[in-house]
Amino acid sequence: MFKEALIVGLVLMFTKFFDWYGNTMFQRPIFCVSILGALLGHPVEGIMLAAELELVFLGNVSLGGVMPSDFTMGSLFGAAFALLLGKDVATAITLALPLAALGTLLYSCMKVAVTSLVPRFEKTIRDKNISAFKRLWVLQFCCFELCYFLLGFICILVGTEAVKAFIEMLPAWVQASMTVASTMLPALGMALLMKSLWSKENCPYYFLGFALGAFFFYRNVTGVSIAEGAATVSASSVKILSLVQISFIGAVIAALIIFAELRRIKDQAAKPAADTTLDESEDFFND
């Protein structure tokens, strides 16, 4: 377990490093969890967990002064515990959400400590002591990175068995609820993102994507057989679209044409007013 704890600590540390130096998107679950899964020897499971956790935290953004949950730390810990304990996506998501909220609290405490160093930075600037400024900056940066490394290392090294015992003591109905929640939360993350991006001009593209994904990879149910109390569904690929599917795609294309035409009419209506204003200003300066 020492090796696994070291890997999680290093991945968490480097993730926060790239998050510090610009917005590299390396902190997104789709990247960091995939890399973590590969380093832990579970590349396929890591990619699957990364995709699920990315959907959960897809709409997690910082608005104004509101701090978002630390989805990076939550996703890494949730995925790490799930991979090391051989659990499924439901366990990873269930652990990731509260740990992400806890990560926000931890980050806020670190920001308080870093902010307290501002007077010392200002003093070095007033004294024009550039070397002292650089040493102080490197020191607080190394302490920031070291805290995350120790957090990842110690939590995995000490807490894996505790998390395993906690999950095993959960009753069956709670684990079933976790499974239901894990299938619902990705849709909730997508809904949060669409709430901020949705507009009537963009909605045809959403339905066009749905049509391309649902209709062209559609499998038609050809029959159902029951054996030993279990139902088996047989299906086959459909190469020809039905009239309903063609009509759906046609309606999407018609909506795209209509919105493009309305946008063109709106631009043409606004253009003469802009030209008139320009002419009046030119006449004013010519006088």
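1. Phe 141 is buried, with a relative accessible area of 10%; here buried means under 20% relative accessible area, exposed over 50% and partly exposed in between, with a 1.4 Å probe and protein chains only. Trp 137, by contrast, is partly exposed at a relative accessible area of 27%. Both residues belong to helix α7 (residues 130-168), and because they are 4 residues apart there, about one helical turn separates them. Helices (H or I, at least four residues) and strands (E, at least two) are DSSP runs, numbered from the N terminus.

2. The model is predicted: local features need pLDDT of at least 70 and side-chain atom pairs count only at pLDDT 80 or more, while totals for chains, interfaces and linings use all residues. Residues are numbered from 1 along each chain as its sequence is written, and side-chain values use heavy atoms, with hydrogens and water left out.

3. A search of the whole structure finds 8 aromatic pairs. In one of them the ring centres of Trp 137 and Phe 141 lie 5.4 Å apart and the planes are at 10°, so this pair is stacked. Rings of Phe, Tyr and Trp (its six-membered ring) pair if their centres lie within 6.5 Å; planes under 30 degrees apart count as stacked, over 60 as edge-to-face and the rest as tilted.

4. Helix α7 also holds Phe 149 and Phe 153, again 4 residues apart, about one turn of the helix. Their ring centres are 6.0 Å apart with planes at 15°, so the pair is stacked. Phe 149 is buried at a relative accessible area of 16%, and Phe 153 is buried at 15%.

5. Helix α4 (residues 71-85) and α7 have axes that come within 10 Å and cross at roughly 50°. Axes are lines fitted to C-alpha atoms, for helices over the stretch in contact, and angles run from 0 to 180 degrees between N-to-C directions. That angle makes α4 oblique to α7; angles under 35 degrees count as roughly parallel, over 145 as roughly antiparallel, 65 to 115 as roughly perpendicular and the rest as oblique. The crossing is right-handed, meaning that the near helix is turned clockwise from the far one by less than a right angle, anticlockwise being left-handed. Residues of α4 in the contact (heavy atoms within 4.5 Å) include Phe 77 and Phe 81, and those of α7 include Tyr 148 and Leu 151.

6. Helix α3 (residues 43-56) packs against helix α5 (residues 89-115) at an angle of about 40°, their axes being 10 Å apart. The two helices are therefore oblique to each other, and their crossing is right-handed. Among the contributing residues are Leu 49 and Leu 53 of α3, with Ile 93 and Leu 97 of α5.

7. Lys 128 has a positive phi of about 60° although it is not a glycine. This residue is placed in the loop between α6 (118-126) and α7, and Lys 128 is exposed, with a relative accessible area of 72%.

8. Overall, the protein has 10 helices and 2 strands. Buried residues make up 29% of its 287 residues.
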